[in-house]
Amino acid sequence: MEHLKLLTLTFVIAFKICIASSDEMQEIVDAQTKCQKEHGITDETFIEIRNREMILEDESDESMKCLIQCMLVGLGMLKDGQLDVNAVMNIAKPLLDNIEQQGREVDEESLRSDIANCTDTSQKGECTGGYEMWKCLHGIMSNVMLSAPEPK
């Protein structure tokens, strides 16, 4: 089941990149470049964590957490320490549209609530809160992909 989850999410990330407009792709590249430089992350290291869907093997590495938080800010998903539910939903729209095109249903109201509940500023560490929000979002989107009801 975990292997299926990983394959599905990898497909969706690839799908998002394939359908992104050139402006969206440039926004992603600009955020990545800025954040890598700001936090001293090499291209090789970035590729490694991107291949793990930005989930860290070593969660004590503050610079990696800061990279992920920087990406969330750079893509407009994190503002003033809070997740911007509308921005997250806009970024997730291609995924949600794809699920609906398969004849499966997505409860967007519930999804919005779940996303809003990912905001947690009680974490210790400079960038731990942003990273924990990313892990929460990652879990929600994985669940959406795997649990959207089948067509009736």
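Visitor: What pattern do the disulfides of the chain follow?
Guide: Counting bonded cysteines along the chain, the pattern is 1-3, 2-5, 4-6. A disulfide here is a pair of cysteine sulfur atoms within 2.5 Å. This is a predicted model, where local features need pLDDT of at least 70 and side-chain atom pairs count only at pLDDT 80 or more, while totals for chains, interfaces and linings use all residues. Residues are numbered from 1 along each chain as its sequence is written, and side-chain values use heavy atoms, with hydrogens and water left out.

Visitor: How many disulfides does the structure hold?
Guide: There are three.

Visitor: OK, what does Cys35 join to?
Guide: Cys35 joins to Cys70, S to S 2.1 Å. Cys35 lies in helix H2 (residues 22–39) and Cys70 in helix H4 (residues 62–74), so this pair ties together parts 35 residues apart in sequence. Helices (H or I, at least four residues) are DSSP runs, numbered from the N terminus.

Visitor: Left-handed or right-handed?
Guide: The S-S torsion of Cys35 and Cys70 is about -80 degrees, so that disulfide is left-handed.

Visitor: And which cysteine pairs with Cys66?
Guide: Cys127, with S to S 2.0 Å. The torsion about the S-S bond of Cys66 and Cys127 is about 90 degrees, so the disulfide is right-handed.

Visitor: Switching topic: is Cys118 buried or exposed?
Guide: Cys118 is buried, at 4% relative accessible area. Buried means under 20%, exposed over 50%, and partly exposed in between (1.4 Å probe, protein chains only).

Visitor: What about Cys136?
Guide: Cys136 counts as partly exposed, at 28% relative accessibility. Cys136 forms a disulfide with Cys118, their sulfur atoms 2.0 Å apart.

Definitions and conventions. Helix = DSSP H or I, 4+ residues; strand = E, 2+ residues; numbered from the N terminus.
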